[in-house]
Amino acid sequence: MDPLNESELSADALDLVARAAPGYLDALPDRPVSDPASWHRLAELGGPLPEDGEGTLATVGRLIDVGTATATHSLGPRFFHYVTGGATPAAQAGDWLTSLLDQVSGLWAASAFATEAETVALRWLKELFHLPESHGAVLTPSATFANLTGLACARQWWGERHGVDIAAEGLAGLPRMPVLASGYVHVSTRKALQILGCGRDTVQVHARDDAGRIDLAAMDRALSRTQGPAVIVGTAGEVDTGDFDPLADLADLAEAHGAWLHVDGAFGLFAAVTPRLAHLVDGVERADSVASDGHKWLNVPYESGFAFVREREWMRKAFGAWNAAYLRSGDGEERIDYNNLGPESSRRARALPVWATLRAYGRQGYRDMVERHHDLALRLGDLVQRAPDLELLAPVRLCVVCFRYRPPGVDGAELDALNQRLGAELLADGRVLAGTTVHRGMTALRPAIVNWRTGEREIDLLVEVVRTIGARLSG
Ligand SMILES: *Cc1c(COP(=O)(O)O)cnc(C)c1O
């Protein structure tokens with residue numbers, strides 16, 4: 001069936017989604033995060049490619065039915081796995097509008113509206129995080145892409161120091177780019193380096209303990225020994241504990257050794273929005289590049305990330321100048337082509353939900369939310385410390401709480417196996433979701449609290465579910 005024959009159904013199809021929304025959203029606070037018993041319905045997605053098509057409304061209706069039943073309801077307040085934000089009301093509506101308008105947003109000439117929204121959203125983000133307004137910036141699909149963006153600029157800078165324009169000529173003939181980090185470095189930095197041809201295993205880790213905390217003196221010595229310029233990667237918000245590298249010290253090291261400092265602040269950069277926590281990111285304003293996420297603590301729908309680069313010129317050098325006649329840019333300071341500042345070409349207008357949420361709730365709204373989540377993390381840490389069968393494994397810094405189930409008399413490998421089973425049972429149970437990690441050799445839970453809907457009720461439920469399942473498994 002040619003879609004042209006159903007053209008009058010466009011609004012009806014959107015209306016189906018809109019009509020499914022109230023029931024879905026209203027149920028979120030009380031329904032389990034996931035319902036494995038519903039997954040048999042995933043079979044309804046299958047079958048051969050239809051010859052003639054099922055038609056607009058039947059198809060959209062089916063997708064709504066299967067989706068609302070089988071999806072992971074991470075939009076709700078009980079999802080603590082990974083670092084997963086929800087979507088604020090304004091952000092979610094902004095995201096729907098993004099689909100309605102379907103802008104291609106990398107070129108000013110293709111959408112002045114999307115470009116302007118991105119420019120404003122990025123300026124507001126710099127204000128929110130107290131980053132200099134002169135920084136270059138671009139929206140990306142994720143923090144992984146934001147790390148890729150920052151490290152591509154670092155690589156371009158590093159190449160020029162060796163007399164090579166890497167964007168034009170590639171890496172052939174150059175030595176390995178030295179990359180130094182603490183043990184807090186996130187896998188996405190390795191992935192970015194792997195994509196960039198720098199190699200994911202080239203990261204030199206300088207840690208002074210098994211938690212991965214930085215050994216500044218060792219890093220300083222290594223930088224002194226390094227031939228030519230180097231890249232330092234700092235982490236603001238480590239995934240297992242929410243801890244921070246000392247960014248001001250890293251900025252000092254970078255300055256002393258003429259290195260590039262990249263900071264991965266996927267969720268930790270949000271410490272900057274409240275005076276209570278801003279000291280944790282002191283020095284981030286001195287970094288050469290900074291990566292962060294919108295779909296985590298900004299509570300913007302997937303996908304959303306942002307990269308900031310002190311000297312915008314590196315973005316243009318790393319990503320611009322493709323010289324395709326049909327993509328010729330209007331350029332200039334006013335008419336930015338974001339294609340030329342980041343890794344994507346065609347891209348959706350992901351600025352709209354970012355713009356909407358910042359406009360709707362403002363600096364104070366985000367400050368309130370981050371402080372509330374910090375309070376909730378402290379509450380969880382407190383509940384853990386007071387429970388005889390739970391053990392807090394790291395101080396609560398921000399929004400992540402690292403702990404394990406530890407009934408009296410269980411130790412060593414048996415304890416790790418118990419916590420692994422507990423993690424698996426939590427996923428199967430579905431009332432709350434949290435995942436396991438390995439922290440300092442110990443299997444642990446590491447719930448992250450970044451969803452705007454989450455409150456004390458959900459924190460208490462998490463503790464209750466963990467203790468009930470733990471008792472059943474060890475009883
Ligand atoms: C989540 C995270 C990333 C990767 O972010 P994506 O948005 O999943 O690509 C990178 N670094 C840190 C510290 C993170 O927590």
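**Exercise 1. How are helix 1 and helix 3 oriented relative to each other?**

Solution. Helix 1 and helix 3 are roughly antiparallel to each other. The model is predicted, and the steps below work from it.

- Step 1: take the axes of helix 1 (residues 10-27) and helix 3 (residues 89-101). They come within 13 Å and cross at roughly 165°.
- Step 2: apply the cut-off. Angles over 145 degrees count as roughly antiparallel, so the pair of helix 1 and helix 3 falls in that class.
- Step 3: The crossing of helix 1 and helix 3 is right-handed.

**Exercise 2. Which residues of helix 1 meet helix 3?**

Solution. 

- Step 1: list the helix 1 side. Leu 14, Val 17, Ala 18, Ala 21 and Leu 25 take part.
- Step 2: list their partners. In helix 3 these are Gln 92, Trp 96 and Leu 100.
- Step 3: sort by class. The contact has seven nonpolar residues, one polar and no charged.

**Exercise 3. Is Gly 86 buried or exposed?**

Solution. 

- Step 1: locate Gly 86. The loop between helix 2 (56-70) and helix 3 holds this residue.
- Step 2: check the area. Gly 86 has a relative accessible area of 4%. Buried means under 20%, so Gly 86 is buried.
- Step 3: find the contacts. Beyond four places in sequence, Gly 86 touches Ser 74, Leu 75, Asn 299, Val 300 and Asn 451.

**Exercise 4. Where is Lys 296 placed?**

Solution. 

- Step 1: find the loop. Lys 296 lies between strand 6 (289-293) and strand 7 (305-309).
- Step 2: check burial. Lys 296 is buried, at 13% relative accessible area.
- Step 3: consult the record. An unreviewed UniProt entry annotates Lys 296 as "modified residue: N6-(pyridoxal phosphate)lysine".

Methods
Residues numbered from 1 in each chain as written. Predicted model: local features only at pLDDT ≥ 70, side-chain atom pairs only at ≥ 80, totals over all residues. Heavy atoms only, no water. UniProt positions renumbered as here; feature names shortened; annotations may be inferred. Helix = DSSP H or I, 4+ residues; strand = E, 2+ residues; numbered from the N terminus. Buried < 20%, exposed > 50% of the residue type's maximum accessible area, 1.4 Å probe, protein only. Axes fitted to C-alpha atoms, helices over the stretch in contact; angles between N-to-C directions. Parallel < 35°, antiparallel > 145°, perpendicular 65-115°, else oblique. Left-handed = near helix turned anticlockwise from the far one by under 90°. Contact = heavy atoms within 4.5 Å. Nonpolar A, V, L, I, M, F, W, Y, C, P; charged D, E, K, R; others polar.
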